[in-house]
Amino acid sequence: MAKHKTPLLDQLETGPWPSFVSDIKRQAEFRAKNKDKIEYQIPVDVCEDLLGILELSFKHGRTHWKHGGIVGVFGYGGGVIGRYCDQPEMFPGVAHFHTMRVNQPGGKFYTTEYLKTLCDLWDFRGSGITNMHGSTGDIILLGTTTPQLEEIFFELTHKYNQDLGGSGSNLRTPSDCVGEARCEWSCYDTQALCFNLTNEYQDELHRPAFPYKFKFKFDGCPNCCVASIARADISFIGTWKDNIRVDHEAVAAYVGGELAPNGGAHAGRDWGPFDIMKEVVNLCPTECMAYKDGKLLINNRECTRCMHCIAVMPRALRIGNDRGLSILVGAKAPILDGAQMSTMLVPFIKVEEPYDEIKEVIEKIWDWWMEEGKNRERLGELMKRQGFQRLLEATGLDPDPRMVQEPRTNPYIFWKADEVEGGFDRDVNEYRKHHQR
Amino acid sequence: MAFVSSGYNPKKPMENRITDIGPRHYEEFYPPVIKKNKGKWLYHEILEPGVLVHVAESGDEVYTVRCGGARLMSVEHIREICEIADKHCGGYMRFTTRNNIEFMVDSKEKVEPLKKDLLSRKQPGGCYKFPVGGTGAGVTNIVHTQGWIHCHTPATDASGPVKATMDVLFDDFTSMRLPAQVRVSLACCLNMCGAVHCSDIAILGYHRKPPMLDHEYLDKMCEIPLAIAACPTAAIKPAKVELANGTKVNSVAVNEPRCMFCGNCYTMCPAMPLADDVGDGIVIMAGGKVSNRISAPKFSKVVVAFFPNEAPRWPQTTECIKKMIETYAADARKYERLGEWAERIGWERFFEKCELEFTHHLIDDFRDPAYFTWRQTTQFKF
């Protein structure tokens with residue numbers, strides 16, 4: 001028998017898509033039965049109270065969670081989000097309901113052995129409810145009490161060799177796409193770079209010392225499956241410099257209809273026979289392709305590596321061999337001054353261990369942002385406020401037309417004294433010798 | 001329930017403390033076929049909705065069965081995922097960025113039994129536990145935020161509208177009939193913990209009433225200068241207020257016409273709550289993308305200024321999304337993303353075809369970038 005009646009939530013237990021309501025009820029029942037006689041460290045009825053308070057929100061059209069308050073583990077300033085409900089008498093099981101962010105493994109690959117131990121921990125010391133995964137990428141353990149925080153951290157670090165992720169004004173947990181692990185389009189090892197930088201910058205991740213949050217995301221190619229270009233302060237996006245590799249026999253097989261275009265992604269509708277001119281050559285944004293006498297020609301120097309032709313004919317076209325990544329900076333969601341995409345800063349950089357060149361760029365950006373950034377000002381906003389030129393000065397990079405969409409349309413150039421012959425110090429009396437007042 | 005110590009000694013927090021160790025190394029978690037062929041994949045194909053094969057230079061193949069999942073997930077559900085992965089996949093699995101679950105096997109014969117097993121598992125109300133799909137030119141899982149399950153500033157729920165929307169879009173999760181992929185995302189307030197601002201379709205929670213002021217408690221609960229500084233439109237100023245009992249307190253005043261309802265003040269100051277049953281609701285945005293394929297990444301644009309929060313199933317929201325997807329499916333060209341289609345036909349045509357009302361709320365008036373969204377040409381369609 002359920003502790004609280006949930007007539008509104010119950011209506012989300014039908015339909016084909018997995019129901020989170022049924023799932024929470026399942027966990028509630030599991031805890032109530034407790035057939036393994038677990039010595040639950042937080043209230044047994046936490047899931048029932050979670051459903052109860054959510055039902056109340058469905059009824060009121062308003063959340064019933066309050067602000068965090070300062071909770072955390074000793075020596076870290078992030079990784080734990082405090083949460084309390086505003087109806088603790090009605091729902092004592094979720095009076096404290098803190099979140100812990102656990103730094104996910106690269107590519108979100110798991111062994112069941114590891115996942116099961118995490119389940120056992122979260123059953124024992126938490127609500128048994130998780131997010132797999134949070135928006136930033138962490139494993140989110142949703143709902144525990146203050147006294148459990150250090151215990152969970154101790155177990156994570158001692159038993160599971162596992163650290164927390166970031167929260168607050170620090171380096172947020174970096175995340176990556178599936179990359180070379182299972183994708184032929186990945187131009188660098190996203191997992192290796194993500195892992196290396198995550199470990200290099202543990203101090204920045206755990207101890208907030210930044211003006212605001214800072215995100216790294218690693219996309220292996222311009223398809224941007226982890227949306228780095230839309231949401232990372234530094235977006236690491238794989239690319240290549242040389243020629244797209246062409247298998248002309250496979251091109252012929254696509255043209256002949258033996259291979260399904262786009263890896264079969266359009267199989268659900270009859271789009272008619274594959275037309276290489278219409279579907280590939282004429283959709284190329286740079287018009288750098290031609291199909292003549294049964295042969296696909298690519299003027300690689302004009303290609304901007306948009307991935308369309310490669311995506312349409314994955315068995316015929318492959319990314320080049322001279323690979324690296326582009327560094328784009330400053331993306332963020334709309335708060336406060338409107339959404340921003342990342343802007344091209346380093347068009348091409350090799351990805352080679354120990355990644356010193358990449359780290360040099362990162363650290364120079366941080367030095368500038370920590371010096372000049374205002375409280376709660378993201379990197380992209382600082383760039384807008386002070387101008388792209390300041391970012392160039394801070395990083396010591398040379399200006400490049402690849403950094404802009406187009407040159408400025410106003411001539412209001414802030415010339416500096418040292419850029420103008422003779423500087424700004426002039427003698428007005430000398431001037432007056434030739435120009436009367 | 002008795003307290004069980006992990007070994008942590010609260011009197012000596014630094015004793016045996018382990019910190020700064022980072023995540024587990026990814027290689028510990030690679031299935032053998034992934035470990036062996038990493039960086040040496042030749043090509044991939046989608047064999048049917050939800051089933052991919054990746055072929056390596058070595059000739060090895062990995063078959064992936066992709067399932068949808070509610071990202072809000074119990075450990076009992078994860079244990080079930082583990083049971084499936086143990087039975088079919090040698091004890092390995094992965095999640096995708098969009099909260100899908102991927103089961104990988106190393107030969108084609110193993111695909112059908114795995115798929116059958118996954119689709120046989122249902123929840124008591126008949127919902128699939130592991131619906132197979134989310135590939136190619138279809139709708140994949142919705143990325144979303146916490147909503148009423150765990151957040152203090154949401155203007156809508158997250159898991160509820162996502163469940164309702166995915167039920168309505170389910171056929172496009174399990175098929176690939178659309179012109180291109182459609183990425184739907186939800187953020188429960190405009191802080192946008194997820195990247196919904198670059199989605200084909202974004203569902204966004206939005207407050208429409210300025211904060212209420214809990215004058216009696218404001219100065220006790222908050223740092224007034226922080227609340228003032230938090231406002232992006234400088235709508236908050238300090239104020240002396242006389243309470244009903246005659247006491248004078250330090251508080252703030254809000255210039256209501258300047259409020260953009262972002263809730264930043266509430267994040268800094270709990271005595272300024274915004275949430276409201278009729279004020280809060282949903283904004284629908286459309287036409288964004290993150291991929292650089294053919295055209296540059298795009299922001300999503302606001303196409304519906306407001307739908308009310310209609311718990312538990314948000315029918316106006318889901319009907320609007322369904323209508324947009326059907327219109328796009330019928331009208332767009334192969335490979336054309338929703339935003340590319342809207343730009344080709346023109347936004348005036350988009351509103352006409354999707355039967356959406358164009359109101360003044362949809363014309364940007366927020367700072368400099370607004371000008372660049374107005375039309376400075378004589379070219380338009382009747």
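This is a predicted model: local features need pLDDT of at least 70, side-chain atom pairs count only at pLDDT 80 or more; totals for chains, interfaces and linings use all residues.
Is Arg26(A) buried, partly exposed or exposed? We will come back to this residue, but first let us look at the whole.

Start with the interface itself. On one side, 138 residues of chain B take part, and they are in contact with 140 residues of chain A. The area buried between the two chains is about 12400 Å², and carbon and sulfur atoms give 59% of it. If you want to find three residues to begin with, pick Trp148(B), His150(B) and Lys334(B): they supply 6% of the area that chain B buries against chain A, more than any other three residues.

Next come the polar links. Across the interface of chain B and chain A there are 74 residue pairs in polar contact. Helix 2 of chain B, residues 75-88, gives nine residues to the side that touches chain A, the most of any element. As for the kinds of residue on this side of chain B, 70 are nonpolar, 38 are polar and 30 are charged.

Those charged residues lead us to salt bridges. Side chains of opposite charge can pair when their charged atoms come close. Over all chains the count comes to 58 salt bridges, and 11 salt bridges lie across the interface of chain B and chain A. One that crosses is formed by Arg182(A) and Glu102(B), whose closest N and O atoms are 2.8 Å apart.

Now back to our opening residue. Arg26(A) has a relative accessibility of 25%, so it counts as partly exposed. Its side chain meets that of Glu80(B) in a salt bridge, with 2.7 Å from N to O. Because Arg26(A) lies in helix 2 of chain A and Glu80(B) in helix 2 of chain B, the pair joins two chains. Glu80(B) has a relative accessible area of 6%, so this residue is buried.

Another salt bridge is formed by Arg318(A) and Glu57(B), with the closest N and O atoms 3.5 Å apart. This pair also joins two chains, because Arg318(A) lies in strand 14 of chain A (residues 317-318), while Glu57(B) lies in the loop between strand 2 (51-56) and strand 3 (61-67) of chain B. Glu57(B), at 47% relative accessibility, counts as partly exposed.

What about a salt bridge between two residues of chain A? The side chains of Lys3(A) and Asp45(A) meet in one, at 2.8 Å from N to O. This pair links distant parts of the chain, 42 residues apart: Lys3(A) is in the segment before helix 1 (7-10), and Asp45(A) is in the loop between helix 2 (20-33) and helix 3 (46-60). Lys3(A) counts as partly exposed, at 38% relative accessibility, and Asp45(A) counts as partly exposed at 23%.

Which strands make up the open sheet of five strands? Follow the order 2(A)-4(A)-7(A)-6(A)-4(B), where the pairing is antiparallel. For strand 4 of chain B, the pairing is with strand 6 of chain A (residues 129-132), in the antiparallel sense over three bridges. Here Asn131(A) stands opposite Leu72(B).

A further pairing of strands also joins the chains. Strand 5 of chain A (residues 109-111) pairs with strand 5 of chain B (residues 92-95) in the antiparallel sense, over three bridges. Tyr110(A) has Met93(B) as its bridge partner, and Thr111(A) has Tyr92(B). In strand 5 of chain B, Tyr92(B) and Arg94(B) point one way, Met93(B) and Phe95(B) point the other way, and all are buried.

Strand 5 of chain B also pairs with strand 6 of chain B (residues 101-105), in the antiparallel sense over two bridges. Across this pairing, Ile101(B) is the bridge partner of Phe95(B). The two strands form a hairpin with five residues between them, and Asn99(B) in the turn has a positive phi of about 60 degrees.

Conventions: Residues are numbered from 1 along each chain as its sequence is written. Chains are lettered from A and ligands numbered from 1 in the order in which they are written. Side-chain values use heavy atoms; hydrogens and water are left out. Contact means heavy atoms within 4.5 Å. Buried area is the accessible area (1.4 Å probe) that two parts lose on being put together, summed over both. A salt bridge is a side-chain nitrogen of Lys or Arg within 4 Å of a carboxyl oxygen of Asp or Glu. A polar contact is a pair of N or O atoms within 3.5 Å; within protein, one must be able to donate a hydrogen and the other to accept it, and residues adjacent in sequence count only if both atoms are side-chain atoms. Helices (H or I, at least four residues) and strands (E, at least two) are DSSP runs, numbered from the N terminus. Ala, Val, Leu, Ile, Met, Phe, Trp, Tyr, Cys and Pro count as nonpolar, Asp, Glu, Lys and Arg as charged, and the others, Gly among them, as polar. Two strands pair if DSSP finds at least two bridges between them. Buried means under 20% relative accessible area, exposed over 50%, partly exposed in between (1.4 Å probe, protein chains only).
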